[in-house]
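Dear colleague,

Please find the structure below, handed over for your study.

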Amino acid sequence: MLVGRSGCTPRVYLGSIVMHMPSLLCLVLAFTVSSFVAQHSVGQEDIRSAATRGDWPLVERLARSSLKKSPRDRTSALLLTMSQFRQGKSEEALSSARRTLEIDSSLMQAWLIAAECESQLQHGSAAITILINANRRFPDSIQPTWALGMAYAKNE
């Protein structure tokens, strides 16, 4: 089971999974980022291994090191964002997500993390704006649509 410092823990009731809103997003992000890492990190076995183990401080250090050598490396940028997010560093993760999107705006995970960071920082309208843009950018994916619905529900 994936459990992060930010409280990403599913709860099961009567045979159906009932999640706190951030919990399901954490699981979705963990799955999508881990699959992204597995597909795109040739030559970055140390970072991939650390991410798989959930050693987020090590992932952060390795990603920073990688970005010093290759500032436009989208994989390292996304991993830096994810590592900060998983460590509960919402402001840093938001800044990293924005930098990641400058490198490659096709990384849906960066959009979702940015929105979740805004939400954690109590910036609900900013989170909704990000998710509206992500929903437009990725019309064939259910993830931004689902996250947008969660954000609206959370801000009621």
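Are H6 and H8 roughly parallel or roughly antiparallel to each other? The axes of these two helices come within 11 Å and cross at roughly 5°, where axes are lines fitted to C-alpha atoms, for helices over the stretch in contact, and angles run from 0 to 180 degrees between N-to-C directions. H6 and H8 are therefore roughly parallel to each other; angles under 35 degrees count as roughly parallel, over 145 as roughly antiparallel, 65 to 115 as roughly perpendicular, and the rest as oblique. On the H6 side, the contact (heavy atoms within 4.5 Å) is made by Met108, Leu112 and Ser119, and on the H8 side by Gln143, Pro144, Ala147 and Lys154. By class, this contact has 4 nonpolar, 2 polar and 1 charged residues. Here Ala, Val, Leu, Ile, Met, Phe, Trp, Tyr, Cys and Pro count as nonpolar, Asp, Glu, Lys and Arg as charged, and the others, Gly among them, as polar.

Some notes on the source are needed. This is a predicted model, in which local features need pLDDT of at least 70 and side-chain atom pairs count only at pLDDT 80 or more, while totals for chains, interfaces and linings use all residues. Residues are numbered from 1 along each chain as its sequence is written, and side-chain values use heavy atoms, with hydrogens and water left out.

The overall plan is as follows. The chain has 8 helices and 2 strands, in the order β-β-α-α-α-α-α-α-α-α along the sequence. Helices (H or I, at least four residues) and strands (E, at least two) are DSSP runs, numbered from the N terminus. Of the 156 residues, 48% are buried; buried means under 20% relative accessible area, exposed over 50%, and partly exposed in between (1.4 Å probe, protein chains only). Among contacts with a separation of 6 or more, 54% join residues 24 or more positions apart.

The largest nonpolar core has 36 residues, of which Val59, Leu79, Phe85, Trp111, Cys117 and Leu131 touch the most other members. Such a core is a set of buried Ala, Val, Leu, Ile, Met, Phe, Trp, Tyr and Cys residues joined through side-chain atoms within 4.5 Å. The largest share of this core, 8 residues, comes from H6. In soluble globular proteins, nonpolar side chains tend to be buried together.

Leaving aside neighbours within four places in sequence, Cys117 is in contact with Phe85, Ser90, Ala93 and Leu94. Ser90 lies in helix H5 and counts as buried, at 11% relative accessibility. Beyond four places in sequence, Ser90 touches Gln120 and Leu121 as well as Cys117.

Two side-chain pairs deserve attention. Lys154, in helix H8, is partly exposed, with a relative accessible area of 40%. The side chain of Lys154 makes a polar contact with that of Ser119 (2.9 Å); a polar contact is a pair of N or O atoms within 3.5 Å, and within protein one must be able to donate a hydrogen and the other to accept it, while residues adjacent in sequence count only if both atoms are side-chain atoms. Glu60, in helix H3, counts as buried at 8% relative accessibility, and its side chain makes a polar contact with the side chain of Gln87 (2.8 Å).

Finally, Gln122 is in the loop between H6 and H7 and is exposed, with a relative accessible area of 68%. Phi of Gln122 is near 65°, a positive value in a residue other than glycine. Most residues other than glycine have a negative phi.

Yours sincerely
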